[in-house]
Amino acid sequence: MALKLGQAAPDFTLKGTSGTELKPSRDLEGKSFILYFYPKDFTRVCTAEACEFRDQFAAFRDLDIPVFGVSRDDLSTHEKFKKQFNLPFELLSDTSGKVCQKYDALVPLIKMPKRITYLIDSEMKIAGVFSDMFESKGHIESMLKKLNK
């Protein structure tokens, strides 16, 4: 079950492919952003989802909405994935799965991240959510519709 609309978005600190740590309450204060969780770099559907975010990146950039992808892959794998597919957004490494767990983005028992996308508003509240393990394109379309209202 995903976090609910209006619920406070859990804060966290994760290392990203830019070489810095992201802490939303500090680094994104007063700014809305997209946080999308996905199972694994270089898998078919995850690659399609990342490439769809890449292809739609200008729309998010024009709205001043940063995009962050999160999985349990390590930074080295994320860096290769980002480079190979020319991803213009940050990938965050949650090797422990603790942030995935805070966002109810872990499949029980196997502890693999679910495919779930959150729009977090400028007050660090959940403003939009899309969860579908097997459909990646809908995540981006759903967030853009929500943002363009």
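This is a predicted model: local features need pLDDT of at least 70, side-chain atom pairs count only at pLDDT 80 or more; totals for chains, interfaces and linings use all residues.
A disulfide is a covalent bond between the sulfur atoms of two cysteines. The structure holds zero disulfides, and the distances between sulfur atoms account for this in the case of Cys46, because its sulfur lies 11 Å from the closest cysteine sulfur, in Cys51, which is too far for a bond, the cut-off being 2.5 Å. Cys100 is likewise in no disulfide, the nearest cysteine sulfur being that of Cys46 at 11 Å. Cys46 counts as buried, with a relative accessibility of 1%, and Cys100 is also buried, at a relative accessible area of 0%.

The aromatic residues, by contrast, form 15 pairs. In one of these, Tyr36 and Phe89 are arranged edge-to-face, with 6.0 Å from centre to centre and 70 degrees between the planes. Because Tyr36 belongs to strand E3 (residues 33–37) whereas Phe89 sits in the loop between helix H4 (75–84) and strand E5 (90–93), the pair ties together parts that are 53 residues apart in sequence. Tyr36 is buried, with a relative accessible area of 0%, and Phe89 counts as buried at 2% relative accessibility.

Phe89 also pairs with Phe53; the ring centres are 6.2 Å apart and the planes stand at 70 degrees, so this pair is edge-to-face. Here too distant parts of the chain are linked, since Phe53 lies in helix H2 (residues 44–55) and Phe89 in the loop between H4 and E5, 36 residues apart. Phe53 counts as buried, at 0% relative accessibility. Tyr36, Phe53 and Phe89 are among the residues that ring pairs link into a cluster, which also includes Tyr38, Phe42, Phe57, Phe60, Phe81 and Phe85.

Terms used. Residues are numbered from 1 along each chain as its sequence is written. Side-chain values use heavy atoms; hydrogens and water are left out. Buried means under 20% relative accessible area, exposed over 50%, partly exposed in between (1.4 Å probe, protein chains only). Rings of Phe, Tyr and Trp (its six-membered ring) pair if their centres lie within 6.5 Å; planes under 30 degrees apart count as stacked, over 60 as edge-to-face and the rest as tilted. Helices (H or I, at least four residues) and strands (E, at least two) are DSSP runs, numbered from the N terminus.
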